[in-house]
Amino acid sequence: MSSSTVEPTLPPPDRTHHHPHPRPHAHPTAGRSPLRRLTGVADLADLVDAHAVALLRATVGIVFVGFGVLKLFPSASPAEQLAIDAATKMTLGLVPETVLLLSLAALETAIGIGLIVGRRLLRPALVAFFLHMGGVFSTLVLLPDAMWQPHSPAPTMEGQYVVKNVVLVAVCLVVAANEWGRRPRPRRTTG
């Protein structure tokens, strides 16, 4: 026979302050913090907190779908030539530029869709994302003239375009930690 201890739990604190006898002529929000005066701020914060990882996942997914789709239209993406130059160096010039660009478009769009949809697509999308980011950051070394200002450690505009991806990497690290940190669901047994 096993025994278990159940710890008592307290109800969450009431977020509203009820006064049985409000002061006459007192403003209804008097005495509350300025943020609490804004209707629904706490509710919005609770909603964002409850869905933070899904929100991060979806926003990066939308960004990736946008970047991928832009590469399907000639000269629509400001990073098109940079992507072609880097991919050409990585493939030693063996793959035609059109194929490289369409492949990058498909890859980025697929990563975006995987991040947005989640479920079974999330883990492959995360792996593809991190591999893709390895290629993106390699441009800092493969294309130094395009990435760095001469006689200065400061990045060029193209270099800044690449470096800003550290934010996307940080977001996807949070998403990946959440995804791979979850315990697997127990399998249902039929019997």
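This is a predicted model: local features need pLDDT of at least 70, side-chain atom pairs count only at pLDDT 80 or more; totals for chains, interfaces and linings use all residues.
**Helix 3 with helix 9**

- The crossing of helix 3 and helix 9 is left-handed.
- On the helix 3 side, the contact is made by Val-53, Leu-56, Arg-57, Val-60 and Phe-64.
- Helix 9 answers with Leu-168, Val-171, Cys-172, Val-174, Val-175 and Asn-178.
- Sorted by class, the residues of this contact come out as nine nonpolar, one polar and one charged.

**The protein as a whole**

- Walk along the sequence and you get the pattern α-α-α-α-α-α-α-α-α.
- The protein has 191 residues, and buried ones make up 27% of them.
- Take the contacts between residues at least 6 apart in sequence: 64% of those join residues at least 24 apart.

**Helix 6 with helix 9**

- Helix 9 (residues 165-181) also packs against helix 6 (residues 122-142), at an angle of about 150 degrees and with the axes 11 Å apart.
- Angles over 145 degrees count as roughly antiparallel, so that is the label for helix 6 and helix 9.
- The crossing of these two, helix 6 and helix 9, is left-handed.
- From helix 6, the residues making the contact are Leu-122, Arg-123, Leu-126, Val-127, Phe-129, Phe-130, Met-133, Val-136 and Phe-137.
- From helix 9, they are Asn-165, Val-166, Leu-168, Val-169, Cys-172, Leu-173, Val-175, Ala-176, Glu-179 and Trp-180.
- By class, that makes 16 nonpolar, one polar and two charged residues where helix 6 meets helix 9.

**The largest nonpolar core**

- As background, nonpolar side chains tend to be buried together in soluble globular proteins.
- In this model, the largest nonpolar core holds 23 residues, and the ones touching the most other members are Val-60, Phe-64, Leu-115, Leu-126 and Phe-129.

- Find Phe-64 in helix 3.
- Phe-64 has 2% relative accessibility, and the cut-off for buried is under 20%, so Phe-64 counts as buried.
- Leaving out residues up to four places away in sequence, Phe-64 touches Glu-108, Thr-109, Ile-111, Gly-112, Phe-129, His-132, Met-133 and Leu-168.
- Phe-64 and Ile-111 are 47 residues apart along the chain, yet their C-alpha atoms are separated by 6.7 Å.
- Now for Phe-129: with neighbours within four places in sequence set aside, Phe-129 is in contact with Phe-64, Ile-111, Leu-168, Val-169 and Cys-172.

**Helix 4 and its surroundings**

- Helix 4 and helix 5 cross at roughly 110 degrees, and their axes come within 10 Å.
- The range from 65 to 115 degrees counts as roughly perpendicular, which means helix 4 is roughly perpendicular to helix 5.
- This time, for helix 4 and helix 5, the crossing is right-handed.
- The contact is made by Glu-80, Ala-83, Ile-84, Ala-87 and Thr-88 of helix 4, together with Glu-97, Leu-100, Leu-101 and Leu-104 of helix 5.
- Split by class, the contact of helix 4 with helix 5 has six nonpolar, one polar and two charged residues.
- The buried residues of helix 4 are Glu-80, Leu-82, Ala-83, Ile-84, Ala-86 and Ala-87.
- Their cover includes helix 5, helix 6, helix 7 (144-147) and helix 8 (157-163).

**Either side of helix 4**

- Ser-77 lies in the loop between helix 3 and helix 4.
- With 7% relative accessibility against a cut-off of under 20%, Ser-77 counts as buried too.
- Apart from neighbours within four places in sequence, Ser-77 is in contact with Leu-70 and Lys-71.
- Just after helix 4 comes Leu-92, which takes a positive phi of about 60 degrees.

Technical notes
Residues are numbered from 1 along each chain as its sequence is written. Side-chain values use heavy atoms; hydrogens and water are left out. Axes are lines fitted to C-alpha atoms, for helices over the stretch in contact, and angles run from 0 to 180 degrees between N-to-C directions. Helices (H or I, at least four residues) and strands (E, at least two) are DSSP runs, numbered from the N terminus. Angles under 35 degrees count as roughly parallel, over 145 as roughly antiparallel, 65 to 115 as roughly perpendicular and the rest as oblique. A crossing is left-handed if the near helix is turned anticlockwise from the far one by less than a right angle, and right-handed if clockwise. Contact means heavy atoms within 4.5 Å. Ala, Val, Leu, Ile, Met, Phe, Trp, Tyr, Cys and Pro count as nonpolar, Asp, Glu, Lys and Arg as charged, and the others, Gly among them, as polar. A nonpolar core is a set of buried Ala, Val, Leu, Ile, Met, Phe, Trp, Tyr and Cys residues joined through side-chain atoms within 4.5 Å. Buried means under 20% relative accessible area, exposed over 50%, partly exposed in between (1.4 Å probe, protein chains only).
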